[in-house]
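This briefing walks through a single protein model, topic by topic, for a reader who has the sequence and the coordinates at hand. Please keep both in view while reading the points that follow.

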Amino acid sequence: MNLKQAGSGADVDERLAALLTNANAVRAITAAVEGTIGPKGLDTMLVDRFGEVIITNDGVTILDKMDVNHPAAKMLINTAKAQQAEVGDGTTTTTIMAGSLVSEGVNQVMRGVPVARVIEGVKYGIAQILAGVRERSRSITDVNDPILRSIAMIAGREHEDIADLVVEAARLIGVEKLNEYNFKLSEIITAEASANNEVFMGVIVDQERMSQEMPEKIVDAKLLLVDDALEPEEIEDEALSTETGFKRYIDLQDEFKKNVQKIVELGVSVVMVDRGVHSAAEEILTDANIMVIERVSSKDLRRVADHTGARMIKRTGLKKESADIGKYLGTAEKVYQDEKLEQVRVLGGNGKPMATILVGAATEEVVGERERIAKDAASSVQAAVKGGYVPGGGSIEIAMAREVIKYRENLKGMAAYGLDCVANALKQPLSQIVENAGFNPLEKVEEIITTQVAQNSDSLGVDCDTGEVVDMLVRGVIDPVPVKLHAIKAAGEVAVAILRIDTIIKKKEEGANAQKAGGADNSMPDF
């Protein structure tokens, strides 16, 4: 995608060239995702040079896969990624609001308002909005609250089967687990082609057992998790050429076999290994009728450890006495291989409760999109449990736009124009949702503002099927507060950062062939 250079005309003050250049870059990024927002949002097709195609309306996926070089555009994309990493949803709203804030800010600067005053007003307005959203938060204390399904439906793009899976998993796990700082509900999701939708208490390991000669199913399993390779210690090639080195090699081989034999004597029935397994170990463990799974991902190993109560051990740890190694073992009611899906399941662990959401997909082409939808739904459900919810569909933003204008009198001088930027940016999510639904955004936004004032309500929005004014809470159109707060805060921060950029200078390249920078460069790279 190429962007037209901004500020190149003779009628544009050169001091604004960098600002206009960055604003155009941000506008291009915003345009790439704004058509996807809302229930009537459309999909985007992403194509690479090899012809691989991704079809999605997930904002962060679109931004992540775009070929972008412009630094201001990258700033906006990184902000959206941070939104995804922190709360798992709301990236499109963040992008749209940030783009609108920058655009509105540039308009004010072009009118003669100093950038510093615009920034002052934007910062003040964002702070007031964050406080206002917190005040309007409604809390969730019970995982059986029907509000959770509404949240899962909205974030899950109205896929009922996915919403049901996520809510069922939340109920299995419980409020206490959902509120844990390091636990992410989205991480228990996996999607597989030809699989059936399923939620169960247990863990999926995305590997098969090493050999068909090993047992397919183990009941009342004892598990040993090796966070290492199950192989003898290595000897350098140079050392092997000496008699002492070769003897050392033989001793290490014998010691390794004895250590593996300890696993058998401890009654271990399942061994999971982070890396490879030596052929000697495979033979001993196979003869002992033990299931071995090698090259298990660190993430899967951690989940199995949590679920079974096991502690991960290094291969050097196998030198310990058998009684000490026994303290590292975990237990599970059943471990078995799903031949169809080519994965191993661990059920009924004796450690922490751990649920898994398996999302089925008809074909390989839609697996990725189904998984992304489920992760968005799971992130939103967990965020709502942690931080409450507010009306969705752009309604709360309109309510806050009405409120923020009231603070105009608290600002002196031209900073009030920065507050206007915030108020206009808050209208943009609803405006874009309405436009994507095929209605006149100007007309509908003003209608919502008027009706909210008349009914003293912050939950009135637009029905995207009929265009009528409806209560978003009644319709189940709901947004988690943490998602909303992070989106508003992130949009404000990146907009201020971009508005503050006065000059773009090309850095000199490192190396012998580097060319010396020629000073300010207000041109905009392709992206």
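Two strands are said to pair if DSSP finds at least two bridges between them. With that in mind, Leu-225 stands opposite Met-272 in β6, in a model that is predicted.

- Eight strands form an open sheet with mixed pairing, and their order is β3-β10-β4-β9-β8-β5-β6-β7.
- The edges are held by β3 (189–193) and β7 (291–293), each of which pairs on one side only, while neighbouring strands, with direction ignored, are turned by 45° against each other on average.
- Strands of a sheet pair through backbone hydrogen bonds, in either a parallel or an antiparallel sense.
- For β5 (residues 217–226) and β6 (residues 270–273) the sense is parallel, and the pairing extends over four bridges.

**Helices against the sheet**

- Helix α7 (residues 160–173) lies across β4 (198–205) and β10 (355–361), and runs at about 170° to β10.
- Helix α14 (residues 367–387) also packs on the sheet, where it touches β3 and β10, and its direction makes about 160° with that of β3.

**Nonpolar cores**

- The largest nonpolar core has 55 residues, of which Ile-29, Leu-101, Val-122, Ile-126, Ile-129, Val-133 and Leu-426 touch the most other members.
- Several helices each supply at least two residues of this core, among them α1 (17–33), α4 (91–110), α5 (115–135) and α16 (415–436), and the largest share, nine residues, comes from α19.
- Apart from its neighbours within four places in sequence, Val-133 is in contact with Val-390, Met-400, Val-481, Lys-484, Leu-485 and Ile-488.
- A second, separate core comprises 37 residues, including Ala-169, Ile-173, Ile-188 and Ile-357.

**A serine in a loop**

- Ser-211 has its place in the loop between β4 and β5, and it counts as buried because its relative accessibility is 15%, where buried means under 20%.
- The side chain of Ser-211 reaches the backbone nitrogen of Glu-213 at 3.0 Å.

**Cysteines**

- How many disulfides does a search of the whole structure find? The search finds zero.
- Cys-421 has 0% relative accessibility and therefore counts as buried, and Cys-464, at 10% relative accessibility, likewise counts as buried.

Methods:
Residues are numbered from 1 along each chain as its sequence is written. This is a predicted model: local features need pLDDT of at least 70, side-chain atom pairs count only at pLDDT 80 or more; totals for chains, interfaces and linings use all residues. Side-chain values use heavy atoms; hydrogens and water are left out. A disulfide is a pair of cysteine sulfur atoms within 2.5 Å. Buried means under 20% relative accessible area, exposed over 50%, partly exposed in between (1.4 Å probe, protein chains only). A nonpolar core is a set of buried Ala, Val, Leu, Ile, Met, Phe, Trp, Tyr and Cys residues joined through side-chain atoms within 4.5 Å. Contact means heavy atoms within 4.5 Å. Axes are lines fitted to C-alpha atoms, for helices over the stretch in contact, and angles run from 0 to 180 degrees between N-to-C directions. A polar contact is a pair of N or O atoms within 3.5 Å; within protein, one must be able to donate a hydrogen and the other to accept it, and residues adjacent in sequence count only if both atoms are side-chain atoms.
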